[in-house]
2 protein chains.
Amino acid sequence: MSVLVVGSVAFDTVTTPFGQATEVVGGSANYFSVAASFFTPVRLVAVVGEDFPESHLEFLRSRGVDLQGLQRVGGKTFRWVGRYGHDFNEARTVETQLNVFAAFAPKIPEAYRDSDVVFLANIDPDLQQDVLGQVKRPALVALDTMNYWIAGKPASLRKTLSQVDLLVINDAETRQLAGESNLARAARTIQGWGPRILIIKRGEYGALMRNGQDWFALPALPLEGVQDPTGAGDSFAGGTIGYLASVMRFDDATIRRAMVYGSVMASFSVEAFSLERLCTLTAPEIRVRYRQFQRLAQFDGPPEA
Amino acid sequence: MSVLVVGSVAFDTVTTPFGQATEVVGGSANYFSVAASFFTPVRLVAVVGEDFPESHLEFLRSRGVDLQGLQRVGGKTFRWVGRYGHDFNEARTVETQLNVFAAFAPKIPEAYRDSDVVFLANIDPDLQQDVLGQVKRPALVALDTMNYWIAGKPASLRKTLSQVDLLVINDAETRQLAGESNLARAARTIQGWGPRILIIKRGEYGALMRNGQDWFALPALPLEGVQDPTGAGDSFAGGTIGYLASVMRFDDATIRRAMVYGSVMASFSVEAFSLERLCTLTAPEIRVRYRQFQRLAQFDGPPEA
């Protein structure tokens with residue numbers, strides 16, 4: 001089934017210890033869409049300005065991303081300038097130019113309203129709330145957020161969270177949102193506010209899920225060729241939610257498998273700047289890397305006495 | 001088979017957000033010995049002063065720890081005073097009183113010289129080197145070290161590493177030792193200096209192993225009741241190396257299983273101050289927690305096309 005994503009499409013200028021990329025295509029919904037498109041059709045709701053290249057939109061269409069919900073308006077596309085040091089788990093924002101994103105009001109096309117799976121990428125929780133008002137009973141609502149909204153719009157975020165099944169968030173944000181330094185207790189607290197499934201992104205350490213009372217932890221693959229972590233979290237969400245939408249089952253074993261696909265997509269995403277690596281990726285490469293994750297995490301049971 | 005450990009036995013004064021413990025028994029070789037004793041007999045080489053309680057030595061003997069190599073000398077036992085904030089991965093040393101440890105010269109008793117497995121806990125690399133000169137051809141030499149020696153005695157440490165099979169080290173130290181911020185490349189660099197197996201401790205994120213060209217990653221169990229991370233790394237090493245000494249096989253599958261035992265011991269160790277939790281631990285509790293790690297890390301293969 002299709003997955004509906006609402007979020008940003010942007011130009012990123014990124015500096016890492018391994019190089020720089022200037023005004024390359026990025027944005028949460030963009031990374032998400034490309035990653036998810038390897039598993040299922042995607043419906044994209046976002047806004048771009050007059051300066052956004054038609055060639056990238058053509059690429060998205062070629063990957064099965066429906067752009068009926070993409071607004072193109074007068075003005076400049078959202079721009080983000082960021083920098084990473086040797087600690088790739090933390091980006092430093094140098095500059096944000098909201099441009100056309102400042103007035104973004106997500107409008108869900110009629111044809112998208114029956115979407116079974118919805119991913120609300122990291123935008124204002126009031127807009128996330130508004131999107132949920134425009135869709136009919138999705139089977140799964142997943143949401144990402146960030147420290148900016150946790151600190152700035154806590155009440156609005158809490159209200160939106162009460163309608164969410166699956167929250168994707170990083171570990172520092174989990175602690176901040178719950179106001180609790182112990183991660184396990186923080187996760188339990190947040191579950192009490194709505195989301196029965198929490199997926200906690202930990203960058204180079206992998207991802208952790210709390211599903212009901214059950215924990216799952218998946219390490220990240222150690223990579224020698226990491227270039228740029230921008231979009232890793234959205235690529236992870238795209239692989240995870242895209243796979244779930246493709247099978248339309250949400251049991252624990254299926255979500256675990258979906259997280260492996262998410263981690264596979266993130267591991268490719270960081271190997272190049274922007275969407276470069278995802279743009280050339282093939283299904284056989286995804287299968288090979290899934291097997292690498294299996295090998296990475298595999299161990300035997302205790303010996304029989 | 002027996003495992004020989006050389007390291008510190010100390011009094012720790014520790015403050016965490018959850019409480020304080022004053023002059024409680026600690027020290028790398030102490031944590032290691034108790035954790036390893038659940039799997040195999042232990043031979044302990046260390047030094048204590050006149051003030052060290054006989055009752056704790058009696059406890060060690062009751063756990064199968066041979067104390068022939070424990071020197072008791074005039075003066076006060078090594079003391080460490082440390083403090084943790086909410087980030088349990090980093091201890092702040094408030095005070096170190098070396099006391100009798102300042103003049104520690106490890107003397108390996110004749111009966112210990114045939115030890116098949118040797119663990120050199122975190123002490124001066126010159127002393128670690130000296131110990132290796134006193135033992136006959138062990139089947140496995142494992143070593144721990146820290147930033148203090150990496151910065152202060154790099155040449156000596158490099159020389160000792162050339163005689164080591166298995167290095168246990170944390171991730172920041174791995175980067176520091178190799179002078180390389182990419183962890184995967186750093187691990188490969190260090191392997192070139194001697195140790196064919198690197199086990200990288202990552203605190204609440206678990207542990208990572210590079211064995212030859214193969215990676216294994218084991219997440220840590222999310223725990224709601226963490227009290228004190230002191231000794232977690234040594235408890236991990238004790239469970240890991242103790243299990244290896246008990247089976248005397250060093251193939252990849254066996255080391256993976258050993259790391260699960262190590263993680264089990266660390267997960268218990270942090271649930272109370274000092275050695276309190278390890279002192280009351282039972283074999284059935286270890287089995288149950290091993291199964292929790294299996295459940296934590298388990299996922300299915302890719303679906304068949």
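Predicted model: local features only at pLDDT ≥ 70, side-chain atom pairs only at ≥ 80, totals over all residues.
Two strands are said to pair if DSSP finds at least two bridges between them.

I begin with chain A. Chain A holds an open sheet of 4 strands, and the pairing within this sheet is mixed. Read across the sheet, the order is β3-β2-β7-β8. Which strands stand at the edges? They are β3, residues 19-26, and β8, residues 91-97. Each of these has a single partner strand, so one side of each is left without a neighbour in the sheet. From one strand to the next, the twist averages 15°.

Let us look at one pair in detail. Strand β7 of chain A, residues 79-84, pairs with β8(A) in the antiparallel sense, over 6 bridges. Within chain A, A:Gly82 stands opposite A:Thr93, a residue of β8(A).

I now move to chain B and to two of its helices. Helix α1 covers residues 28-36 and helix α8 covers residues 232-247. Their axes come within 7 Å and cross at roughly 40°.

Finally, which residues meet here? On the α1(B) side they include B:Tyr31, B:Phe32 and B:Val34, and on the α8(B) side they include B:Asp234, B:Gly238 and B:Ile241. The residues of this contact divide into 7 nonpolar, 6 polar and 1 charged.

Thank you for your attention.

Notes
Residues numbered from 1 in each chain as written. Chains lettered and ligands numbered in written order. Axes fitted to C-alpha atoms, helices over the stretch in contact; angles between N-to-C directions. Contact = placed C-beta atoms within 7 Å. Nonpolar A, V, L, I, M, F, W, Y, C, P; charged D, E, K, R; others polar.
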